Amino acid sequence: MSLRDDARGVAREVTAHHEVTVISHIDADGIASEAILSQALARAGVPHKSVFVRQLEPLTMRQVPADDSLKVFCDLGAGQQNLLAERGLEPHEVVIIDHHVSQPCGKDYLQANSLSSGFSKMSAAGVAYLVACAIDSANTDLSRLAVVGNVGDMMAREDCGLVGPAREIAVEGAEAGWIEIVPRNLNFYGISTRPLHVCLAYNDDPFIPGISNNTAGALRFLQRLGIELQTPAKRWRVWEEFSQEERRLVASSLAQQLIACREPTDRLFSKSYLFPGEPERTPLRNAQEFATLLNACGRWTRPRVGSAICRGDRGEAFREAEHMLSNHRAVIRELLEYILDTGVRELSHIQYIHVGDRFPDTIVGIGAGMALSRLNMDKPILVMVVQPEDTSLTKVSMRTTERAVSRGIDLQQALMVASSEIGGAGGGHRIAAGASIPRESEVQFVERVNQLIGEQFARTGQGNC
Ligand code: C5P
């Protein structure tokens, strides 16, 4: 059965029920998925409600209502089918829309899972969109949210654009006029909202010597090109506002700068996904910044605000989200500085740090990812933080690079194995994974993860140094 067949099966099931509960994850992909499904269900006249959870764990399973609604697990569930079974949920009460590694438990839950169908670069929002279109082919406006979810889950990063079915969805949205795909745009975050010199300086993939992590250097670089960086009213212009000619000049000068430093230029450009119907100079304008806005809502435990924005609220909800976004960025910056100032401890195959209870557990993964690009990128980074609702537990986030993944590293496997051995639970992806473990087993856990990662490197016959 193809993924589209599975999506059709899920669509039939959800529309056949008198009530549906969507249980989704609090990150950008989870929020976008929930918004896609709840809009498709509302349009089809199916009564529904939504529940957002930070993870599907024994503690959060209590948030799943004990009623006779169909439970639609979205962006989670595939890896926690044992919890669904322990809760007594039968196959006729559950469907799963996911892209995480599936861990069967003996009960045959109906599932549409892009990863199980062989598509590792399509997130849950993409699958939710296929379900929405199987409910009604007129739901193509929801393609924007599918693209936001996919981009938010880094599905476009490695290939500098979406691929496979995620690409097909973007093209479908573009053909219907909802999305503008720019085939060769600057591969930098913030092209819709940040002053250009800040946008250039705040990006380090690719790392451009003299510009990356150097706002003053980036400003001098642009001033030397002789282009007008501010409007007549002295407001900094954002990349999207520059003319084609100005953009060409900046892009070719950046390429020259990379070539002069003997750095590859292949990551300087990528496809970008813009939403022409949204107001200029707002994070709603492009998929990447839209996804960060949703992440900010989720990570500050207000996923419903993000969901309201996905459903078109541009008033109260948007103002609240913008406020969370600036707070989100400030705290991530603080976390990044804390990791870099304090320093990580290096083991033979990983590097790690415990940030105590200084930062929310929902953002340490993002901080870990950002810190990695300033540290030894050959060793995956593991960050631990006290889990606020239960201080006897430790939340773990791990991040690595595409390069390490291509050499056999699988953080999901390492965290799942190491956490289950000490009574915790973990999962995620090869490149980004998380776990929850008993606090007293931290030392033993870190050593075990180091050993497992070492074994993964050894299996491919390549060291990580
Ligand atoms: O929390 P963090 O951003 O580090 O999560 C990275 C990935 O690991 C996500 O895909 C998340 O769903 C997954 N994860 C998990 N189990 C956990 C924590 C995170 O499957 N206990």
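1. The model is predicted: local features need pLDDT of at least 70, side-chain atom pairs count only at pLDDT 80 or more, and totals for chains, interfaces and linings use all residues. Residues are numbered from 1 along each chain as its sequence is written.

2. An open sheet of 6 strands has mixed pairing and the order 8-9-10-11-13-12. Strands (E, at least two residues) and helices (H or I, at least four) are DSSP runs numbered from the N terminus, and two strands pair if DSSP finds at least two bridges between them. Strands 8 (345-346) and 12 stand at the edges with a single partner strand each, so one side of each has no neighbour in the sheet.

3. Strand 8 runs antiparallel to strand 9 (residues 351-354), and 2 bridges join them. R345 has Y352 of strand 9 as its bridge partner.

4. Helix 15 (residues 411-420) lies across strands 11 (393-399), 12 and 13, at about 170 degrees to strand 12. Helix 16 (residues 442-459) lies across strands 9, 10 (381-386), 11 and 13, at about 165 degrees to strand 10. Contact means C-beta atoms, placed from the backbone, within 7 Å; axes are lines fitted to C-alpha atoms, for helices over the stretch in contact, with angles from 0 to 180 degrees between N-to-C directions.

5. The ligand is surrounded by 14 residues, the closest being G365, S397, G427, G428 and G434; a residue is near if its C-beta atom, placed from the backbone, lies within 6 Å. Strand 12 (425-428) and strand 13 (432-438) each give two or more residues to this shell, and strand 13 provides the largest share, 5 residues.

Note on methods. Two residues are in contact if their C-beta atoms, placed from the backbone, lie within 7 Å.
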